[in-house]
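Open the model in your viewer and keep the selection tool at hand. Each stop below says what to select and what is there.

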Amino acid sequence: MPKSYWVSSYRTISDPAKLAAYNKLAGPAVKAGGGRTLVRGGQVVARDAGIAERTVLVEFDSFEQAVAAYESAAYQAALVALSDGVERDFRIVEGID
């Protein structure tokens with residue numbers, strides 16, 4: 001069964017306090033959902049239409065697990081805390097192996 005990933009590319013961070021509140025809730029929610037954070041911030045080189053802002057990559061054992069973690073009450077509470085504090089592109093994608 002292929003692993004799956006949350007891929008989150010931030011375009012702007014307009015409210016760092018909301019992002020900090022989100023991070024406090026999202027970390028435990030991701031862990032409880034079986035996710036493993038592989039990338040969170042760090043150095044970025046953006047090419048083409050990319051934006052050199054925060055990027056987060058979380059690995060799950062299956063696509064179903066990744067979707068369930070996103071839909072969990074704990075992660076939904078984290079999204080409420082984040083609200084309009086950032087603009088980001090968030091995707092759940094299935095790996096190839």
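**Stop 1: the whole chain**

Start with everything shown as a cartoon, and keep in mind that this is a predicted model. Colour by secondary structure, and three helices and four strands can be picked out. Follow the chain from the N terminus, and the elements come in the order β-α-β-β-α-α-β.

Now switch to the C-alpha trace. Along its principal axes the trace spans about 35 × 30 × 15 Å. The radius of gyration is 13 Å, which agrees with the value near 13 Å for a compact globule of 97 residues.

Which residues make contact with each other along this chain? Among contacts with a separation of 6 or more, 78% join residues 24 or more positions apart.

**Stop 2: the surface**

Of the 97 residues, 28% count as buried.

**Stop 3: the largest pocket**

Rolling a probe the size of a water molecule over the atoms shows where empty space is left. Here the largest pocket has a volume of about 260 Å³. Select A26, V30, T37, R40 and V56: of the 18 lining residues, these lie nearest the centre of the pocket.

Which elements supply the lining? Select strand 1 (4-13), helix 1 (16-32), strand 2 (36-40), strand 3 (55-60) and strand 4 (86-94), each of which gives at least two residues. Helix 1 supplies the largest share, with six residues. Colour the lining by residue type, and it divides into nine nonpolar, five polar and four charged residues.

**Stop 4: the loop between strand 2 and strand 3**

Select D48, which lies in the loop between strand 2 and strand 3. Although D48 is not a glycine, its phi is positive, at about 55 degrees. Is D48 buried or exposed? The relative accessibility of D48 is 85%, so this residue counts as exposed.

**Stop 5: the loop between helix 3 and strand 4**

Move on to S83, found in the loop between helix 3 (73-82) and strand 4. S83 also is not a glycine, and it has a positive phi of about 35 degrees. With a relative accessibility of 43%, S83 counts as partly exposed, because that class lies between the cut-offs of 20% and 50%.

Technical notes. Residues are numbered from 1 along each chain as its sequence is written. This is a predicted model: local features need pLDDT of at least 70, side-chain atom pairs count only at pLDDT 80 or more; totals for chains, interfaces and linings use all residues. Side-chain values use heavy atoms; hydrogens and water are left out. On a 1 Å grid over the protein atoms alone, a cavity is a set of points where a 1.4 Å probe fits but cannot get out, and a pocket is an open set with protein on both sides within 12 Å along at least five of seven lines; lining residues have an atom within 4 Å of a point. Grid points are joined across faces, edges and corners, and a volume is the space filled by probe spheres set on the points. Ala, Val, Leu, Ile, Met, Phe, Trp, Tyr, Cys and Pro count as nonpolar, Asp, Glu, Lys and Arg as charged, and the others, Gly among them, as polar. The radius of gyration is taken over C-alpha atoms; the globule rule is 2.2 Å times the number of residues to the power 0.38. Buried means under 20% relative accessible area, exposed over 50%, partly exposed in between (1.4 Å probe, protein chains only). Contact means heavy atoms within 4.5 Å.
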